[in-house]
Amino acid sequence: MEYSRSIVWLRRDLRIADNVALAAAASSSREVVLAFNVDPELLASGRVGAPIVQAFFDALGALRDDLRARGSDLAILQGAFARTLPEFAARIGAQAVFFNDDYEPSALARDEAVCTALRAAGVTTHRFLDHVVFGADEVRTEAGAPYRVFTPYMRRWRDRYALAPRLPVASERALVGKLLAPAEIGATRDVPVPEEFGFTSSPLYPACGEAIAHEMLDAFFARGGGAERYRDERDLPATEGTSRLSVQLRAGTIGIRTCVARAFAAARVSRHAEQIETWINELIWREFYQMILKEFPHVEGAPFVRAAERLAWSDDRAAFERWCEGATGYPIVDAAMRQLNETGWMHNRLRMIVASFLTKDLLIDWRWGERYFEEHLADADLAQNNGGWQWASSTGTDAAPYFRIFNPILQSKKFDPTGAFIRRMLPELAGVPDRYIHTPWELGPLMQIEYPAPVVQHDVARKRALAAYEPVMGKKAPPAGAARRGS
Ligand SMILES: Cc1cc2nc3c(=O)[nH]c(=O)nc-3n(C[C@H](O)[C@H](O)[C@H](O)COP(=O)(O)OP(=O)(O)OC[C@H]3O[C@@H](n4cnc5c(N)ncnc54)[C@H](O)[C@@H]3O)c2cc1C
């Protein structure tokens, strides 16, 4: 044994199973304690919102219960990381701190500072790759450069995985007999609640925790579960056509290796393998955007395509407010924004529609939308959120070409044909006849409901967007076969 006592510092990996840092700590230490630090500065920064705060706090509560049931405890610290961790290590006599990497630039900087402080206090640090299957530098072009386009990245990723799959790690088993007793850990703070930090919790926000995450994965892969219909139903917001695991993956209540291994195993024996393969591709999109953030950190706050910095965005605050509130007059956009505002989650097809609407129809800077999502999504993740916004606004890597502008009416008719989702989220439109559900303004004087007129006319807005994008982005005609992610 290298160490007599070690700390596993949890951050975006709030789980016991399939946790790389935990497995490493358990195999090289006689005793292990799991710790999480609550950072009031981050909570006050305005960059996190109630749904994600509630998800993380719920997951912490579940983890503490689980560890107590195993005869230990979760140490919940509070304060500046570079102070609390060295202090805690000194208090319990820990010689090492193990943790999993996070690619966000601010997290990388914070981790450097914490490692420096720990080393100064005589504590060894060990960091691991855990939140993605392959690290940013592990899936590269023949020339050794990072990919900028998804499809070749995905192929290389799959080749790598086929050659040497990264399977779930046995961290739970490794921990048996290693957990530090509560008396040795001493008292640490209670499980925090969102209200303590000025957030309002809601029973409508997604539940989060390790046991819940595994139940969700099991249900998705159960016989007749969503995985076997995924390719066909994932674009229909009225159905439960996707896994909803994003919140769990964000808080790390389930390991990505567990999800990937489960999907490949299911695809091998399923008659619907092609449906499951589509889901695996979505997990690879997640890896792709994590890689982009690590390799091109300028995407935080700036477009991937530098020329897009010259785009002349509208600063129409009133239009932005209407988008935020779900009062644009386009039912599919408004229903989507209500789903976000009320439940802390939004269906992927709808994220694409509302992001296109904001950046093309309203010509509002993608960063405004990215920030709004950041504050309202329980799965808010810099890499995926940024990737999604830059894709939709055509400013990103492998993005939608700028001239392919979603028509919100056609999207609505195609993906919510009966208006079932619209009626669910916008009860004021429940009685609108099917013919008008996507375009209620066509009811004219027959429209006896309180619902706003369209904030812009799509055809006019489309021309305005093309006129703004064309001189900056340069391409005039759509190239044949240009990437068409789900239009
Ligand atoms: C504008 C915009 C913003 C987005 N912001 C976020 C965000 O902050 N956090 C986030 O996790 N996802 C984000 N996404 C991606 C996607 O919308 C969500 O991951 C998905 O809707 C989550 O639902 P699910 O878990 O049911 O997904 P499923 O369809 O079941 O997919 C499984 C997993 O694959 C990953 N995934 C799925 N679609 C994508 C995608 N397009 N890009 C990257 N990864 C994907 C997610 O981890 C997801 O949980 C965004 C997409 C757009 C267009």
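Helix H18 (382-392) is mostly covered in this predicted model, with 11 of its 11 residues buried (20 or more other C-beta atoms within 10 Å of the residue's own, C-beta atoms being placed from the backbone). Helices are DSSP runs of H or I with at least four residues, numbered from the N terminus. The buried set includes Trp389, Gln390 and Trp391, and the buried residues of H18 pack against H13, H16 and helix H17 (366-376) (contact: C-beta atoms, placed from the backbone, within 7 Å). Just after H18, Ser394 has a positive phi of about 65°. Residues are numbered from 1 along each chain as its sequence is written. Because the model is predicted, local features need pLDDT of at least 70 and side-chain atom pairs count only at pLDDT 80 or more, while totals for chains, interfaces and linings use all residues.

Around the ligand there are 28 residues, of which Thr242, Ser243, Ser246, Asn385 and Gly388 come nearest (C-beta atom, placed from the backbone, within 6 Å). Two or more residues each come from helix H11 (246-251), helix H13 (273-295), H16 and H18. H18 gives the most, with 6 residues. Domain 2 (132-167 + 211-295) and domain 3 (306-473) both contribute to this shell, so the ligand lies between them; the domain bounds come from an automatic or database assignment.

H16 (residues 348-361) also packs with helix H15 (residues 331-343), at an angle of about 115° and with the axes 9 Å apart (axes are lines fitted to C-alpha atoms over the stretch in contact, and angles run from 0 to 180 degrees between N-to-C directions). Residues in contact include Ile332 and Met337 in H15, and Leu350 and Phe357 in H16.

Conventions
Contact = placed C-beta atoms within 7 Å. Buried ≥ 20, exposed ≤ 12 C-beta atoms within 10 Å, placed from the backbone.
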